Structures are given as structure tokens and as C-alpha cells.
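Good morning, and thank you for coming.

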Amino acid sequence: MAVVTQSAMTAEPSVASPKMTARDLNLFYSDNQALYDVNLDIVERQVTALIGPSGCGKSTFLRCMNRMNDTIDGVTITGKVTLDDRDIYDKHIDVVQLRARIGMVFQKPNPFPKSIYDNVAYGPRIHGLVNSRDELDEIVMTSLERAGLLKEVKDRLQSPATGLSGGQQQRLCIARAVAVSPEVILMDEPCSALDPIATAKVEELIDELRSNYTIVIVTHSMQQAARVSQRTAFFHLGKLVEVGETDQIFTNPKDERTKGYITGRFG
Amino acid sequence: MSLSFLLLAVAALCALSFYFGRQRAVALSGGRHSNLHSLPAHYGTYVALWCGMPALLLLLVWYVFQGSVIEAMIVAELPAEITSDTGQLSLALNSIALIAADNGQHLSVSPEVIDAGRRLANLQSIANASLVVLMLCVAVIGISVSYRKIDPEMRARNNVERISRWMMIACSAIAILSTVGIVFSLLFEALHFFSKINPVEFLFGLEWSPQTAIRADQVASEGAFGAIPLFVGTLLITVIAMCVAVPVGLFSAIYMGEYASSKFRAIAKPALEILAGVPTVVYGFFAALTVAPFLRDNGAILGLDVSSESALAAGLVMGVMIIPFVSSLSDDVMSQVPQSLRDGSYGLGATKSETIRNVIFPAALPGIVGAVLLAVSRAIGETMIVVMAAGLAANMTVNPLQAVTTVTVQIVTLLVGDQEFDSAKTLSAFALGLVLFLVTLGLNVFALKVVQKYREKYD
């Protein structure tokens, strides 16, 4: 599977048949460049972790992958991001459908101020994925089940989602993302607002979801990256420094900066 | 010594005492400010406050009581035949005041009154002089007492803090007390009215014609004080206004907040808010001179009989006036919906309008309801537009093409011109005012409650 080619300094990481790729991706917030020539492949049905110090561009990169940066004023992007070999920045791409294929889970749990049921049903409803109430029920139940939340909430599906605990809310957000059957799920530091026990549950969940979905996760915790991911990409100052199999990155980094970050000398 | 001079003197004393208080603190510190409990300026402020505050308090109390005390002294000296009759007494007191102000040469009054006038002038100058002396004394005592108290251990900073807190409490008390005062003045006049007219008849009567005979020999109608037609008229115009203001205000708020580029927003938002700065009397012109004739002429073309002072004209223009109110308030509540909820919805592949409809709007709904209620209470209390554009005839109708009148219009017409304050006609204005006040107060309290409840959710 994943083969890291040549020197890590130029970081030209290609894999055989990537689910998503980024090629020469540059991103500017007005005049500030936030990403420099990022080239990265995302392997299907694997967890890819993006690590790096604060402000290194890993979240920005993640948000390029489902065009969430489109909603921010003054962002310019050059280069190419593909999903199944199609450029997602192509004029003919429907952003709305794209985001249904590439789900996202955010740093802070952000359930809508609706019932638990309506939160999960939100995506299927707006995309018209179901024809009947029974089908919708079915999707909601499976999604909650997949997010490992069904047991805890099945008796109070109609109560407000904001009443759940932080960890439950985050798993609800994952269920919400899963409900539209995306192919890729992007997670932006999904555990940073959670306590250790809730974090453990979410990590366990990520590991299970890997069998059905391609997952990209931004994380500040190197332990977390080591625990949940198969591939790890290290970002520094807007550049992708090194990418490779997680074991290799953590035990035998090729770049001095990666080594420095992983051993805790900066970051 | 005039009042302004006196105040200036006290201010100068305060400045001096600040300086000396500070100097003393510095001297006591032995050169190191850290030996003091508080900063030298705190000691200065402490002394200055003790100089100025008691003096100003004395001034206030003095002015509240000076008039009545002096009057009592004058009245006590007047002969019984004047004081026994209240009419005569107030006439005499007037002349006395004129004489005291050196304005009464032309008056032909009894020597007692002239004497009293001289005495009044005398008493007033004594009072003024003693006020000056007393105030300066109080200021100086304040200075010397607090100056002596200065000590490196003294907690001047905490004292200053406490005093300034009381000053702020006093300021907010003034705001609250004036509201209470307004309520009571309305209440008493309204009770006066209700002693003449049955409140049930007023609140539920269907006919409003407040013309009553002023003198017994005049020919005039009995007067009917059923306020329902006014309430209906007010409600009709308010509903028309809200039909304009709510959709336009809300949609422009949504456009400004969610769709517009920041460049467009920077220009359009202030432009919209200019509407809020237009004086209502200008809206009144606009309604009476432009909108109403336009509606009447176009109504004639369509074969409709539109009154030239139609409820529609007044309501439409009032709606325009309220647009910025609705839009800026609902813009506020919608922008308070956290960005994370928007992101969550976009991340699931929702479009902008789906996000607004399904996430932002429901989350902001309580706040928007609050905004609309506040706008309703503005519309109900709005006076100038309806005075100029709505009619005076108290028609009981819900036809927007006819003339109706509102509570505020009636209050204005009842009180304009020379009025006697014991006829039911004039007093009914206060009863109407009371009803208006209670309704808008209730709406405001309710709306603010709703808005507040919503705010707590995301903070």
C-alpha cells in the first residue's frame, strides 16, 4: 500500500489509487499565504492524521477538502484537489453535493438546537434521501448506531440535542455526518473539547468507522494521531513537511522538523 | 452670589482639596508611594469628594425646601381675611412675588401685601446669603475632617470606590424614579377621569365623541367616551405597519447578515439605518402629501373609494419608519447564532437558504419575536405620522381604505389648544395615555424577557 517516495524534504507522497489528492495547493487569506504547494494523497478506508503546531495550516487544508473555505471572504486558492480523480474546484462541481459526499465534524460539538432525531435527520431531509418516514427512521437509527450513541439516546430521541453531554454531542455530530452516507469524513480536532473518557469513545468510534469511510483527522495530540491513524502528515508553517505511515513518522521521521515536533522540542 | 458662581467656588475648593490631599499623602509616605495603602490620587479624590458631595447635597435639600419654608413664613404674617380664602391667598402670593422681584409698581394692592413683598425680598436675600455661607462651611468641614483622616494605613482607594458606587446608584435611581413619577402623574389624572366616566364604558364603549358642553347654556352633545374605535384604529394601522416592516426588515436583515459581501454591507447597512434617523414629522409629510394622494388617485382609477386620510397611507409609511428597527434588531440576534451552527449545516451540504431556514432562523426565532414585539410597541406609540396622515374621525372599521383615528392622535387633539383640566374631555387624554403606556410597557417587558432568554442560550 502506501509508498513514500524519495526524499522527505520535497514530500511527494503518492499512493497507488488515492481517494482524494491535493496537488500544488496554495491558499491565501487576502494577502497572507496560509498554504504552500501542498501535495497529499488520502488513502481510501484509512485514517489520515494531520498534525503540526498551531497555525501550521492543517485545519485550513482540511477545510479545502470540502470547500468550506468558500464561505470565508477573501480566500483565494490555487492548485487542485480531487475526489475520485475529479477536481472539486472545477466550475461544474456542485458544492452542495460535494459536501454531502465529504462530511465534516468540527472542533466544538455543534448540534443544531433541535431534537436528537431532527439533528440526524437534517441531512437526509435536505438532500431528499428518503421517501417515507420509515426510511428516515431507519437512517436515523443506523446512523446513531454507527456513532455508538443509539443505546444512550434511544429513549429520548425527541428531546433537545443541546441537553446531551459534550461527548455525546460530538458523537451525535458524527452520526449526523454519517446519515448522509458520505464517502469521506473530515474531522477537525474532534476531541479537543472533550474529556478523556469521551475522547476514548470517539477514538474507538473513528477506528470502527474506518471500515466504511475514508477519514481525515486534524489533531493536536500526537498520541491520538498514533492511536487512530494509519497515515500521518506533518504540517509546518503552511507547508507539508512529511507524510508517511504513522509508524514510520513516529518512529523514524525523515525530516529534522518532524523529529523535533514529535519529540516535543517545538510546537 | 449667584448659583453658578457658588458652584464654581465649590469646584475650585474640590480641586484645591484634591491637590492638598494628594500632597499630604505623598508627604506621609516618606517618599515611597508603596508605603501608602492607596495611590496618592486616591487620597486626593477622597478629600475632594468629601468637600464637594456634602456641599452639593446641602444645596439640593436647600432648594427643595427654601420655597415652601419662606412661603409659610410670609403667609403666617398675612392678615386673616386674605389667608382664609384660597383664591385670594394665591392672588396675594402672586403679587407678593412680583413686588419682591421689583416688578409690582403698577399693582394696586393693600399695604400689607406690599410689606409682605418687601419682607419676601429680604428673606430671599438672607436665605441666599446663608446658603453660601453654609455651603462653604460644609465644604471646609468636609475637607478638614477627611484631610485629618489621611494616613498611610487608610484605605482611600476602597473608600473612593464605595462613594463612586453610591453616586452611580443615585444616577440610576433618578432614571427609575422619573419613570415612576410619570406613571403616577398619569395615574392620578386618569383616576380623576374615571371618577367622572365609568371605566367599563371607557374600555368597552363603542362610540367616541369627546365633545362636551363647556358651559351649561351651550348646545353640545353629551360626549361619549367609548375607546374601542380608537383601539381598533390603532390596531389597524399597527397591523398594516407590521405587514410592511416585518417582511422587509427581516429579509433585508437576512440579506445583510448572510448574503451581502462585506463591501456592500458597509454601505447598505448605514444607509438603511439613516431611515431610523429621519424625524417622524418628515415621515408625516411624506404620508400626508405623497402617499395618501397617490393611494387616493390610484384607488380612483381602480374604482375604489379611498379616503384621503386612509389608514393604509399612515400604516404604510409607519411601516417604512419601523423597517430599520426590525432589521437591525433581527440582524443582531441572527449574527449571534454561532458560526459553528452555520458550518455544521454547510458541512452537511445544505445551501445558504436551507441553512437560514432550518438552522439560523429557528435558533434566532425567539429574538426575532422579541424584535417584532418591540417594533409593535413603537408602532402603537408612534404619534407624528398618524397625527398628520390618519384622520380624526373615530370610525369603527377594519377597512384600510377608510379614515380611522388612533389613541395617540386623540390624545394630541384633546390636549391641543386652551383646555380646562377638570372636564372629562381633557382628562380622557390621560386615561388614553395610561392605557397606551400600560400596553407598550407590557409589550416591552415581554419582548425584553424573550430576547434575554434567547441570549442566555448561547453565551
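Predicted model: local features only at pLDDT ≥ 70, side-chain atom pairs only at ≥ 80, totals over all residues.

Residues are numbered from 1 along each chain as its sequence is written, with chains lettered from A and ligands numbered from 1 in the order in which they are written.

In chain B, the axes (lines fitted to C-alpha atoms over the stretch in contact) of helix α4, residues 86-100, and helix α5, residues 111-149, come within 8 Å and cross at roughly 55°. Helices here are DSSP runs of H or I, at least four residues, numbered from the N terminus.

Next, the cores. A nonpolar core is a set of buried Ala, Val, Leu, Ile, Met, Phe, Trp, Tyr and Cys residues joined through C-beta atoms within 7 Å; buried requires 20 or more other C-beta atoms within 10 Å of a residue's own, placed from the backbone. The largest core has 158 residues, and among those touching the most other members are A287(B), A314(B) and V317(B). Helix α11 of chain B, residues 311-335, supplies the largest share, 16 residues. A second, separate core of 20 residues includes L13(B) and W50(B).

Finally, 17 residues of chain B are in contact (C-beta atoms, placed from the backbone, within 7 Å) with 23 residues of chain A. On that side of chain B, α12(B) gives the most, with six residues.

Technical notes:
Axes fitted to C-alpha atoms, helices over the stretch in contact; angles between N-to-C directions. Helix = DSSP H or I, 4+ residues; strand = E, 2+ residues; numbered from the N terminus. Buried ≥ 20, exposed ≤ 12 C-beta atoms within 10 Å, placed from the backbone. Contact = placed C-beta atoms within 7 Å.
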